[in-house]
Amino acid sequence: MYPHRSMSVAVLGGGVSGLAAAHYLKLVNPTSQVILLEASHRLGGWIKSTTFDDGITYEEGPRTLRVVGNAGANTLVLAESLGLTEKIIKVDYSHPSAKNRMIRVDGQLHKLPNSLKTALKKLPPFSKPLAISALSDFRAKKVHNTDESLYSFVNRRFGSEVAKYAIDPLARGVFAGNARELSVKSLAKRLHEVEQSHGSVLLGMFRDRKNSEKSDPELLKSELVQKARSEKWAVWSLKGGLETLVTTLAQKVEDSGVDILRNTPVTNIWQSGPKLIVGTDKKQIEVDRVISCLPSNHLSSALEHTHKNLFKLLKSIPYATVGVVTLEYPGQLLKEVAFGYLVPSSEPCKVLGVIFDTCTFPQGNRTIFTVMMGGYWFKEFFGENPSQESLLDLAQSEVRKMLKINELPVRFSVNILRDCIPQYVVGHSEAVYNARRLIKEQNIPLTLAGNSYDGVGVNDAIMSAKRAVLSQ
């Protein structure tokens, strides 16, 4: 932990992880001199909520936060400390949008099993009950490895249908990625570890249950965490969208004395004795320590000429670009309430999935969808610079075909989120470990945090920032 003296720290990146890092720095050491550098004119990174004059809110990026785990509890504690408790809107596990999730196969929408009862039934497109597929784990042979693709792992342990119809679309919906390249060690570390230790995922989870993540007792003291757990919240958001968290956190950070410089991209970073100098297009800033919450590809560019090996490791992390189209229609147009549906990569479709936004969070007498497209396949499907009209046409065509909504939307938005989701491909954990080891060996006063390294979700990014502060 930082000693209680006036240490100067530069936080790079004004997304949610950068803001969280600045917040925790001031909590740990109120006398520290903290400066936060953001390349753009706004804070929050990919969290962006737009509220129109009539009060309707669209989310361009993340739209819900989960409650589970220490990372989920930690974000609730943060929200509580920022005075946001009364602005929370929550969905519990009994809500249809939490239970009903679908996949699109052969032009039809199919509900995924969501209970023991449905797991014991044969539901299309699966040729046998999911519970039977799960039992395959007991017969599967253990393969000794340090990492493998998520698809390969699930295919070995639970069969091709689970890999094809459950894991593949999940990877597309959560990571906008290709399950055949994403790392099981990075994204499902616990499953990989118990297989390597016990030869079976299910048996290993049972035998090794004492080593599962323990709840942080400090986080459990929070009244909001207790309430969320007792009421069995599945996800939550905030009135005005998730950007409410960002704007409130940013105000708190500025009020605590952090100097926030917008429109200040970092151009290079180099050492000067025990300190680091951060170069921008405006000035050079000398500090005792840097916490970088920049995307790894942006940080690598700033290190290219001063730390070649670190540059190469950070540059090796790929990113996915996602097209996001929001469509709004008058009236309640869906026959059944659900979270939405995902599309496996085996389908001849450029759409990754469709989220039924107003099923989760109703906004009056209207139906709002978010259509996600591209991801890992964005350039292959759309080229370098597709027009907004082409993405809008595709989104409307998808809704028309699959949901039988033929009318035109009364309002829409189209956004291309370039390089928005880091891809944790096979070997990701090793690359991150080697980068952090190199920083330590070379005594560089730099700490890596954010969704490039420790999980792509908002909860993960905030927890990564907190750990970066507390690890010093």
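These are legends for a set of close-ups of one predicted model.

The model is predicted, so local features need pLDDT of at least 70 and side-chain atom pairs count only at pLDDT 80 or more, while totals for chains, interfaces and linings use all residues. Residues are numbered from 1 along each chain as its sequence is written, and side-chain values use heavy atoms, with hydrogens and water left out.

**View 1. Arginine 180 reaches aspartate 168 in a salt bridge.** The N to O distance here is 3.3 Å; a salt bridge is a side-chain nitrogen of Lys or Arg within 4 Å of a carboxyl oxygen of Asp or Glu. The pair links distant parts of the chain, 12 residues apart: aspartate 168 sits in helix H7 (160-175), and arginine 180 in the loop between H7 and helix H8 (184-187). Helices (H or I, at least four residues) and strands (E, at least two) are DSSP runs, numbered from the N terminus. Aspartate 168 is buried, at 2% relative accessible area, while arginine 180 is partly exposed at 42%. For those words, buried means under 20% relative accessible area, exposed over 50%, and partly exposed in between (1.4 Å probe, protein chains only).

**View 2. Arginine 190 pairs with aspartate 208.** The closest N and O atoms of this salt bridge are 3.0 Å apart. Arginine 190 belongs to helix H9 (residues 189-198), and aspartate 208, 18 residues away, to the loop between helix H10 (201-207) and helix H11 (217-220). Aspartate 208 is buried, with 14% relative accessible area. Arginine 209 lies in the loop between H10 and H11 too, and is partly exposed at 48%.

View 3. Lysine 379 counts as exposed, at 56% relative accessibility, and glutamate 384 as partly exposed, at 46%. The structure holds 22 salt bridges.

**View 4. The largest nonpolar core has 48 residues.** A nonpolar core is a set of buried Ala, Val, Leu, Ile, Met, Phe, Trp, Tyr and Cys residues joined through side-chain atoms within 4.5 Å. Leu76, Trp236 and Ile291 have the most contacts inside this core. The elements that supply at least two residues each include strand S1 (8-12), helix H2 (69-81) and strand S9 (233-238). H1 gives the most, with 8 residues. Leaving aside residues up to four places away in sequence, the residues that tryptophan 236 touches include Leu65, Val67, Leu76, Ile88 and Phe361; contact means heavy atoms within 4.5 Å.

**View 5. Helix H14 (residues 296-303) is mostly covered.** Of its 8 residues, 6 are buried: Ser296, Asn297, Leu299, Ser300, Ala302 and Leu303. Among the elements these buried residues pack against are strand S11 (266-272), helix H15 (308-315) and strand S19 (411-422).

**View 6. The second largest pocket has a volume of about 370 Å³.** Its 14 lining residues include Leu109, Lys335, Met402, Leu403 and Lys404, the closest to the centre. Strand S8 (108-111) and helix H18 (388-403) give two or more residues each to the lining, and H18 has the largest share, with 3. By class, the lining has 8 nonpolar, 2 polar and 4 charged residues. On a 1 Å grid over the protein atoms alone, where a 1.4 Å probe fits, a pocket is an open set of points with protein on both sides within 12 Å along at least five of seven lines, and lining residues have an atom within 4 Å of a point. Grid points are joined across faces, edges and corners, and the volume is the space filled by probe spheres set on the points. Ala, Val, Leu, Ile, Met, Phe, Trp, Tyr, Cys and Pro count as nonpolar, Asp, Glu, Lys and Arg as charged, and the others, Gly among them, as polar.

**View 7. Backbone details: a cis peptide bond and positive phi values.** The bond from proline 124 to proline 125 is cis, with omega near 10 degrees, and proline 125 is in the loop between helix H4 (116-119) and helix H5 (130-139). Aspartate 419, in strand S19, has phi near 50 degrees, positive in a residue other than glycine, and is partly exposed at 36%. Asparagine 443 also has phi near 50 degrees; its place is the loop between helix H19 (428-441) and S20, and at 61% it counts as exposed.
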